[in-house]
Amino acid sequence: MTTSLDTGKPAATPHGATRGGAHARHFPVPTAELERIAAAVLAAARSGGATAAETEVSQGIGQSVTVRQSEVETIAYNRDKGISVTVYAGQRRGHASTADFGDASIVATVAKALAIARYTAEDPASGLADPDRLARTWPDLDLYHPWDLPVEAAIEIGREAEAAALAVDARITNSEGATVSRSESEFVYANSNGFAGGYRSSWHHIDCAVVGDDAGAMQRDYWYTAARAPADLQGAAAVGRAAGERTVRRLGARQMQTTECPVLFEAPEAVDLLSFFVQAVSGGSLYRKSSFLLDSLGAQVFAPHIRLREEPHLPRARGSAPFDSEGVATASRDVVRDGVVQGYFLGSYSARKLGLQTTGNGGGAHTLVLDHGPDDLPA
């Protein structure tokens with residue numbers, strides 16, 4: 001049995017959903033301008049005396065609507081942009097950022113990063129990713145699906161989800177609300193080793209949480225759906241029903257006696273548990289010796305039927321990426337096989353600190369897929 005750590009399930013397209021096209025939201029800054037700014041940052045770093053430099057130029061837009069007790073509780077919009085720059089003077093590193101895309105701000109931000117680098121201690125592990133590890137070509141992973149969702153339609157989706165949750169059982173007496181959000185982002189990353197690349201992505205979700213009361217004993221639970229494309233979201237009513245049913249299942253819960261027994265973890269709980277493992281075998285924890293899994297390569301840490309794969313090129317998956325935050329090409333690999341650790345999560349800096357090679361995880365882990373054997377919970 002195989003489980004992806006994305007827990008949203010496809011269903012009917014929610015109200016107001018489109019796949020983009022003529023109705024897609026437009027970013028405030030054209031992609032060509034992001035590319036120009038990235039090139040300008042690197043040029044300013046060179047002229048300022050940097051021996052190497054890297055930059056990320058990004059923008060994002062989004063909308064979030066929360067409904068509670070059928071009334072609109074919040075409506076929020078965001079429109080963000082930023083430039084981050086890291087410069088190297090030999091093995092000295094400086095970093096600065098700004099939200100101002102003006103030419104004068106670019107020059108000033110680079111100057112601040114250079115000033116920091118001059119007063120920073122040398123670090124033999126610092127520097128850009130090795131040139132031979134950089135992605136030169138990469139696939140289109142189908143990560144960008146704008147949701148043309150007017151606020152009025154988002155309100156109705158939230159009301160539908162909440163109403164479906166409250167209708168599950170008379171013992172559901174209160175609601176924490178339902179939230180409907182859409183977001184889009186774009187970035188360009190470039191460095192002085194000749195890499196330049198970026199892409200647009202989207203992420204949308206619907207969630208609902210309600211409270212149940214059984215003879216004064218109150219319980220709360222929630223459910224959500226999240227996806228790159230609105231067509232892949234569960235319907236609002238399905239999200240609400242799941243939230244209501246999960247809350248009702250908690251009513252009348254009792255404490256078990258201490259025992260040893262096999263346990264099946266629901267996907268949301270499994271994700272939390274696996275996050276502790278990922279943190280423990282990530283470079284920062286390992287080179288700082290703050291991990292409970294030091295020197296665990298080749299060690300048995302899971303039951304023999306467990307296999308954990310990193311699949312960064314799965315289309316539309318939230319964690320998919322053709323390259324990491326340093327421009328290093330990503331690739332599929334086994335992290336755990338037969339319960340045995342096969343690899344760590346390393347960026348260039350942590351890899352050098354450990355005397356190893358980057359695994360293409362600058363910025364963190366990518367989409368993880370868990371093969372967990374024949375036992376499973378109902379879909």
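Buried means under 20% relative accessible area, exposed means over 50%, and partly exposed lies in between (1.4 Å probe, protein chains only). The model is predicted: local features need pLDDT of at least 70, side-chain atom pairs count only at pLDDT 80 or more, and totals for chains, interfaces and linings use all residues. Residues are numbered from 1 along each chain as its sequence is written, and side-chain values use heavy atoms, with hydrogens and water left out.

Start with His 145. This residue sits in the loop between helix H2 (103–118) and helix H3 (151–166). Helices (H or I, at least four residues) and strands (E, at least two) are DSSP runs, numbered from the N terminus. His 145 has a relative accessible area of 0%, so it is buried. Its side chain makes a polar contact of 2.8 Å with that of Asp 142. A polar contact is a pair of N or O atoms within 3.5 Å; within protein, one must be able to donate a hydrogen and the other to accept it, and residues adjacent in sequence count only if both atoms are side-chain atoms.

Next, the interior. In soluble globular proteins, nonpolar side chains tend to be buried together. A nonpolar core is a set of buried Ala, Val, Leu, Ile, Met, Phe, Trp, Tyr and Cys residues joined through side-chain atoms within 4.5 Å. The largest one here has 25 residues, and those with the most contacts inside it include Val 65, Trp 147 and Cys 208. At least two residues each come from strand S2 (52–68), H3, strand S5 (172–191), strand S6 (196–214), strand S7 (217–227) and H4. H3 gives the most, with 7 residues. A second, separate core holds 23 residues, among them Leu 34 and Val 110.

Now the cysteines. Cys 208 is buried because its relative accessibility is 1%. Cys 261 is partly exposed, at 45%. The structure holds 0 disulfides (pairs of cysteine sulfur atoms within 2.5 Å).

Then the surface. Phe 265 lies in the loop between helix H4 (236–250) and helix H5 (267–280). Its relative accessible area is 48%, so Phe 265 counts as partly exposed. Together with Val 263, Leu 273 and Phe 276, Phe 265 forms a nonpolar surface patch with about 420 Å² of accessible area.

Finally, Ser 97 is in strand S4 (residues 92–98). Ser 97 is exposed because its relative accessibility is 53%. Its C-alpha atom is 31 Å from that of Asp 272, which is 175 residues away along the chain.

Methods
Patch = residues over 30% accessible without salt bridge, like charges linked within 9 Å, V, L, I, M, F, W, Y side chains within 5 Å. Areas by Shrake-Rupley, 256 points an atom, 1.4 Å probe, with all protein chains shown as cover. Salt bridge = Lys/Arg side-chain N within 4 Å of Asp/Glu carboxyl O.
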